[in-house]
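Reader: Please take a close look at one single part of this model and describe its setting with care. I would like every term to come with its cut-offs.

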Amino acid sequence: MIDPSSFDTALTALGVITAMVFAFGVAALSDMAMRRREDRAARSDRTPSPNGSHPS
């Protein structure tokens, strides 16, 4: 027979681990999106303007 308290503990541990994996996954996706945004901004700063002057 399964002890109900150990079963609840296992479910709680599984829930905590799942929440942590989800949180780290969202953080990784957010970091990738932020880096892409920063790269796009840096790339647009480097492109010369049509009249040949440097952007300020």
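Author: Asp-31 counts as partly exposed, at 30% relative accessibility, where partly exposed lies between buried (under 20% relative accessible area) and exposed (over 50%), with a 1.4 Å probe and protein chains only. The model is a predicted one, in which local features need pLDDT of at least 70 and side-chain atom pairs count only at pLDDT 80 or more, while totals for chains, interfaces and linings use all residues. Residues are numbered from 1 along each chain as its sequence is written, and side-chain values use heavy atoms, with hydrogens and water left out.

The partner of Asp-31 is Arg-35, and the two side chains meet in a salt bridge at 2.9 Å, N to O; the term stands for a side-chain nitrogen of Lys or Arg within 4 Å of a carboxyl oxygen of Asp or Glu. A search of the whole structure finds 1 salt bridge. Both residues lie in helix H1, 4 residues apart, which is about one turn of the helix. Helices here are DSSP runs of H or I with at least four residues, and strands are runs of E with at least two, numbered from the N terminus.

Helix H1 covers residues 4–46, and the chain has 1 helix and 0 strands. Of the 56 residues of the chain, 0% count as buried. The chain exposes about 5200 Å², of which carbon and sulfur atoms supply 67%, the areas coming from the Shrake-Rupley method.

Two surface patches complete the setting. Patches are made of residues with over 30% relative accessible area and no salt bridge, like charges being joined within 9 Å and nonpolar side chains (Val, Leu, Ile, Met, Phe, Trp, Tyr) within 5 Å. A patch of positive charge gathers Arg-36, Arg-37, Arg-40, Arg-43 and Arg-46 on the surface; Lys and Arg count as positive, whereas His and the chain ends are not counted, and the place of an Arg charge is taken as CZ. Arg-46 belongs to helix H1 and is exposed, with a relative accessible area of 66%. Phe-7, Leu-11 and Leu-14 make a nonpolar surface patch of about 300 Å². Phe-7 also lies in helix H1, and at 45% relative accessibility Phe-7 counts as partly exposed.

Conventions:
Areas by Shrake-Rupley, 256 points an atom, 1.4 Å probe, with all protein chains shown as cover.
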